[in-house]
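Here are my notes on this model, kept brief. Please read them beside the coordinates.

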There are 2 protein chains.
Amino acid sequence: MNKKYSIGVDYGTQSGRAVLVEVATGEIVAQAVKEYTHGVMDEYLPDGTKLDFDWALEHPRDYLEVLEVTIPEVLQQSGIQKEQVIGLAIDFTACTMLPIDKEGTPLCFHEELKSVPHAWLKLWKHHAAQAQANKLNKVAEERGEEFLARYGGKISSEWMLPKIMQILDEAPEIYAQADRFIEATDWVTMMLCGEEKRNSCTAGYKALWHKQKGYPSKEFFKAVDPRLENVVEDKLSNDIYPLGLKAGELTDAMAAVTGLCPGTAVGIANVDAHVAVPAVGITEAGKMLMIIGTSTCDILLGTEEKIVPGMCGVVEDGVMPGFFGYEAGQSCVGDHFEWLVEQCIPKYSYEDAAKAGMGIHQYLTEQAAELTVGESGLLALDWWNGNRSVLVDVDLTGMMIGMTLSTKPHELYRALIEATAYGKNIIIETFENAGVAINELYACGGISLKNKMMMQIYSDVTNKPIKIAASDQTPALGAAMFGAVAAGKDKGGYESIFDAAKVMGKVKDEVYMPIPENVAAYKKLYAEYKILHDYFGRGENDVMKRLKAIKAEAVIKNR
Amino acid sequence: MNKKYSIGVDYGTQSGRAVLVEVATGEIVAQAVKEYTHGVMDEYLPDGTKLDFDWALEHPRDYLEVLEVTIPEVLQQSGIQKEQVIGLAIDFTACTMLPIDKEGTPLCFHEELKSVPHAWLKLWKHHAAQAQANKLNKVAEERGEEFLARYGGKISSEWMLPKIMQILDEAPEIYAQADRFIEATDWVTMMLCGEEKRNSCTAGYKALWHKQKGYPSKEFFKAVDPRLENVVEDKLSNDIYPLGLKAGELTDAMAAVTGLCPGTAVGIANVDAHVAVPAVGITEAGKMLMIIGTSTCDILLGTEEKIVPGMCGVVEDGVMPGFFGYEAGQSCVGDHFEWLVEQCIPKYSYEDAAKAGMGIHQYLTEQAAELTVGESGLLALDWWNGNRSVLVDVDLTGMMIGMTLSTKPHELYRALIEATAYGKNIIIETFENAGVAINELYACGGISLKNKMMMQIYSDVTNKPIKIAASDQTPALGAAMFGAVAAGKDKGGYESIFDAAKVMGKVKDEVYMPIPENVAAYKKLYAEYKILHDYFGRGENDVMKRLKAIKAEAVIKNR
């Protein structure tokens, strides 16, 4: 009964997951998952209204269900008393945003708006606001807006402003009716504690906010669209709170449905990648965390604000209070391997894997691990889904070179893994060249736990040690840590996320160390990668873009 | 009993095939195949002697068996009288060569030499004489030998002189004991009629012979190796006969085993690709025949000797008497598609093909045929097996660009087909730029009959009409035509191969015509291919060679 616990809820694309963590040790005592009832809505609204191409919506009600189902479940699983839970915090995908009314109710909950697509919540991967993003970028460039450099020179169509602009362009009545637009992570936190305390992470990385300079100017927004002149005051908020604070306390109503005590501390909302940093124990500059999944997000703390070409963003207090949080990313990592396995791996490999009693990824990895560095003769550019950092170019595509009639599936597999490692090294070099040091790498996410060959390749290519998260629930653990910080030391939690990270953040004992012989061999291959990276990626031969343009024409012709 | 027939025997890599053809119509009346009893020997001699890496031998006895089995069979099938067969000729792979004694007996038939690998017959794809080819090329370049230009600047390790040099280097006693070295096609013809009449085709394309200038000089051979000074006089022959002549008449002994009449006319020996030209009715300059198989061989008649960069060879009387025969080639055509199907086509494509009741090639082709030009967004360099023409570089490797997470197997398949079409167009442009006109394309070989989409793509990419051989046994038919010419007009045959070609050579009625819309679309894609072809193939970025060198090192390390 003396032990204290904290709950972290991690909201993913398809489901939400709660973990119950012992505050004094960081041990995950119980966990529960709830798939979203409506899932991703990319074809129809719940009432059957058809959605356009590239849309991706979710149902805000699903997020509340996650709390109603998973929190009682972890309490029950663990057998602890609700009084032992001192804090709670969440993390989310971003920018996942919705229009709400004055009371905070999503517009899509209004009976008369339930058939209006723009009244709904737009998921991070809603990609239908590209035209708006283009306009934003164009005007920002023309006006020489300095904020652009903090975002690698380009605003993504996934972010807050393009999404708002799409609503304004296509459903001005929804724009007018919306009291404000809010990140889902802030909205769910508001539902928990009844207070709107917007977090510095999404404001900074997804909505162009800067701690000293605030949002872009009224003049800028006016130049984009006169109707946007007062978008910040009218539809967003200038009250932004750094991560690590308490947002409020659990309301009676939410206490009733979750089974927790009213008044339980609720932390400022967070984002899935960024929240993972303290969960692996990073509390200082120079250590980059790679969150490896279908894509990879790289988060790094720095002590100064530097402009790094092609980064995704630099935000003060964006990851840990008092630090500049740098974000970069690779748009296609696990997705490469999944594509290969689905579209390119022949029957016989599946049969051989089954005979060996292995999954296909494990089987190809074991075969690939027997190759010496360079033995496949292959080299690839990891751009099957464009390039996020450092080229920031969605129109780049994949390339592979070196195939012969003897080339085998596991060689293709390894070549794609190596390509993502080379891509990572380009990011690291770019940070280092911009004066942001990277001394050590950390990794979390399923692949980092499962694929030892890949982690060794990353260590060999980057010539840096790599530590691996101890938990496979790093973001949820991170959220629970922010819950313990929101509770504070007096309640049995922590005074700061730094204190929490020292105790609760954990990596495995095993550290991947660069193998000098492989480092030397990869140096040669990386040099080749770099030549091709620049040739195809920096304008020397824009064949990828021309092929994409020809393809776009052909697709229209073939309709 | 009035009808006259001719027999053609086509010697392939694994088997020999005889066709019985009606002389007046070119109709194939009967055909029979005999697999070689010993097949390709690339690991062991018949007595168990181990062979080195890259060796490929055959058993000369197998070739005689083909005659003993298939000729009686076609006679029996057709029910005709042996007196009705007026002529016989063969075609062969080349350079497929063997050492013989003074009597014409292969050295490997000598009991005391049967365990000596170099006493055996070396198949065209015996690749163990690369060191000798390199030396030959080096000396020829250093001495500025003009013959080099007639062979695209490079002598292949597959040809006669490197093979002889390997014997001299590794088994000088066999070199000494050999009365002479001879092409298998000439040797089998000699077995048929008892006369050695070496043909101008293999002499020209595979042994550096020139109708006016003869073989390279004694000085050249001496510079290569003093022991080779008199190689032509001592081990080859200066008596070379143009195609279309009679080599001799069937001996009594061969008449007895084949069931034909003694004295039946036997034509000068020929080669499988070159013999196909009259079989599709080509009798004039400007028409290029593509013999499409695992690789493609291109044969073209010209009226002058021009130097075309990167061609395989130009030989007077090398294809049709009185013309300069040009040869070029692509080292990897059907092999590309086979590699893809074996190593890269996923289970689900095979399942879908089975559901549709189709073979995998047919299924992928049908899916690929639904794509508009450019719709895949993909572009490949067709160098999985190096590049024969016009870069003449075995160290080049494959490349593909434009892949996304949506790329599907049938798109990869089409991209490889298109790559071979672009490669073909490079060859055509190179000939045209050198002043050798190409007005029309002809195609033969299984793929050309089966894959209509591919032939249409070739027509669209090259912007030329393509006619397809009427028979799937084009080389054997061509050999039978030379048999009818050897018999002569008086015996019911033809006076010349030109006369025979007009009657017996045939193409299908259907002609592939360029579709203007596709021609325009492919023009853009070909322009991109050409940029990458030159970038990777002409020294701007030798990454393929560097990767191959790294691979070679790594393979040694991993042993």
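The points below cover a sheet, a strand pair and a helix.

1. Basis. This is a predicted model, with local features needing pLDDT of at least 70, side-chain atom pairs pLDDT 80 or more, and totals for chains, interfaces and linings using all residues. Residues are numbered from 1 along each chain as written, chains are lettered from A and ligands numbered from 1 in written order, and side-chain values use heavy atoms, without hydrogens and water.

2. The open sheet. Seven strands of chain A line up as β16-β17-β15-β14-β20-β21-β22, with mixed pairing. Strands are DSSP E runs of at least two residues, helices H or I runs of at least four, numbered from the N terminus; pairing takes at least two DSSP bridges. β16 (313–316) and β22 (507–512) of chain A are the edges; each has a single partner strand, so one side of each lacks a neighbour in the sheet. Neighbouring strands are turned by 25° on average, direction ignored.

3. Three bridges join β21(A) (residues 466–469) to β22(A), antiparallel. I466(A) has Y512(A) as its bridge partner.

4. Helix on the sheet. α14(A) (residues 409–433) touches β14, β15, β17 and β20 of chain A (contact: heavy atoms within 4.5 Å). Its direction makes about 150° with that of β17(A) (angles run from 0 to 180 degrees between N-to-C directions, on axes fitted to C-alpha atoms, for helices over the stretch in contact).

5. A separate pair. Four bridges join β6(A) to β8(A) (residues 180–183), antiparallel. L98(A) is partnered by I182(A).

6. Chain B. Just after α5(B), G194(B) has a positive phi of about 75°.
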